[in-house]
Amino acid sequence: MEQLSIRDEELLTLRDGRTMAFVRGGNPNSKKVLIFLHGVFGVGENNPHMSEFYSSLKVRSLTPTLPGWGRSSPFPPAAPLSAYAEDIRQLLDFVLPGQTATHIIIMGGSYGSVWAYACAANNPPDHTMRIEPADAICSLVTLGSLTPHRENPNYTENMSWMNWFSVSRPATWWPLSLIHPSVGKLIRSKVAGNLDGARAMLRQILTGPKAMLPEERQQITVWSAGFGSSFEQWEDNMARNMALSVLHTMDGYNRVPETLNADWGFKLSDIKIPKTAEGTGELPRATLTEIPSKLPAVVIVGCVRDHLSPITNQRYIASQIPGAQLIELQGNHISAVVSLRPLIAAVVAGIPH
């Protein structure tokens, strides 16, 4: 079995004794901080080409591994999702000792968007434990976001039967609640620490011919070639992350249905980015189908052929967060990766100085 690891991964001991794995990137001296939160079967990592890109924008990046995935400890069982803001506060305190970030961009992909909303709401139960300074949070960006099931009455719209049996509200009730962890055990037996097994699984659900159209594959091939890589190397990188994500614990995977169906401790409408109130209280912004040169503070990106997080999720979320800009791109759940650079550049360009 191939030895797998994340380059430059660090482990932070949080105040309650839990561990947070994370990786730094970008400009190490910048007080503009982009925090990227990964999705299911992911871990925090730092691709060299992305780190160089962040540096060119004069931005520091932090990519923590979510609780219960990879080498990060499980989230406290009784804590609401909103308490995750305190974990990120401690990460920022550790990375910028004696300093404060001037601008914080919160970014989440897929399931990571759920945790990104908790950081942007910045409303933990104990208000003394929150991301400070609160007005440094200047942007929220999500890609292929999942939706809060308790808040969104139509969260099952366009949901596949596979996802319904895995993460819907009835899926948290016995005996349906047995399905998700049972599937998890099977997945772990095939992919944990096993690059070949993870690659095969990935091709079944995301990158194979049944999940990805030829033109989508070509897009990613061209995008990868732009920084000296290939589609196969990009796929292998995701497979490595999957293999590492469930190597030490299945807690993160097992708690996905519970998290999506729980009371998050805030509503999407509570998310108000302090530095940019423009758009707040107005009608929803017109939907864009491509990335402009400058973007507002809240950007919700979805892909119209996404079967894991249907575009209806993104439309609902964008309608609930004040001043949100919805962008609908072509492709499946991971197709937005080719727009990542122009998206981040447009978000940074839109930050008020």
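This briefing describes selected strands, helices, cores, loops and a cavity of one structure. The model is predicted, and for that reason local features need pLDDT of at least 70 and side-chain atom pairs count only at pLDDT 80 or more, while totals for chains, interfaces and linings use all residues. Residues are numbered from 1 along each chain as its sequence is written, and side-chain values use heavy atoms, with hydrogens and water left out. Helices (H or I, at least four residues) and strands (E, at least two) are DSSP runs numbered from the N terminus.

- In helix α3, 10 of the 10 residues are buried, so the helix is largely enclosed by the rest of the structure; among them are Trp115, Tyr117 and Cys119.
- Asn122 follows α3 and has a positive phi, near 50°.
- In soluble globular proteins, nonpolar side chains tend to be buried together.
- The largest nonpolar core has 85 residues, of which Tyr84, Tyr117, Leu140, Ile271 and Ile321 touch the most other members; such a core is a set of buried Ala, Val, Leu, Ile, Met, Phe, Trp, Tyr and Cys residues joined through side-chain atoms within 4.5 Å.
- Helix α3 (residues 112-121) gives this core its largest share, 8 residues.
- A second, separate core has 24 residues, including Met107, Leu295, Ile327 and Val348.
- Leaving aside neighbours within four places in sequence, Ile271 is in contact (heavy atoms within 4.5 Å) with Tyr117, Ala120, Ala121, Leu140, Phe266, Ile321 and Pro322.

**Two loop residues**

- Gly265, in the loop between α10 (256-261) and β7 (298-303), is partly exposed, with a relative accessible area of 36%.
- The C-alpha atoms of Gly265 and Ala118 are separated by 8.5 Å, although these residues are 147 residues apart along the chain.
- Ser168, in the loop between α4 (161-167) and α5 (179-191), counts as buried at 0% relative accessibility.
- Not counting residues up to four places away in sequence, Ser168 touches His149, Tyr155, Met159, Asn163 and Asn261.

**The second largest cavity**

- A search of the whole structure finds 2 cavities of 30 Å³ or more; on a 1 Å grid over the protein atoms alone, a cavity is a set of points where a 1.4 Å probe fits but cannot get out, and its lining residues have an atom within 4 Å of a point.
- The second largest cavity has a volume of about 40 Å³, a volume being the space filled by probe spheres set on the points, which are joined across faces, edges and corners.
- Its lining includes Leu14, Arg18, Tyr84 and Asp87, and β2 (19-26) and α2 (84-95) each supply at least two of the lining residues.

Technical notes:
On a 1 Å grid over the protein atoms alone, a cavity is a set of points where a 1.4 Å probe fits but cannot get out, and a pocket is an open set with protein on both sides within 12 Å along at least five of seven lines; lining residues have an atom within 4 Å of a point. Buried means under 20% relative accessible area, exposed over 50%, partly exposed in between (1.4 Å probe, protein chains only).
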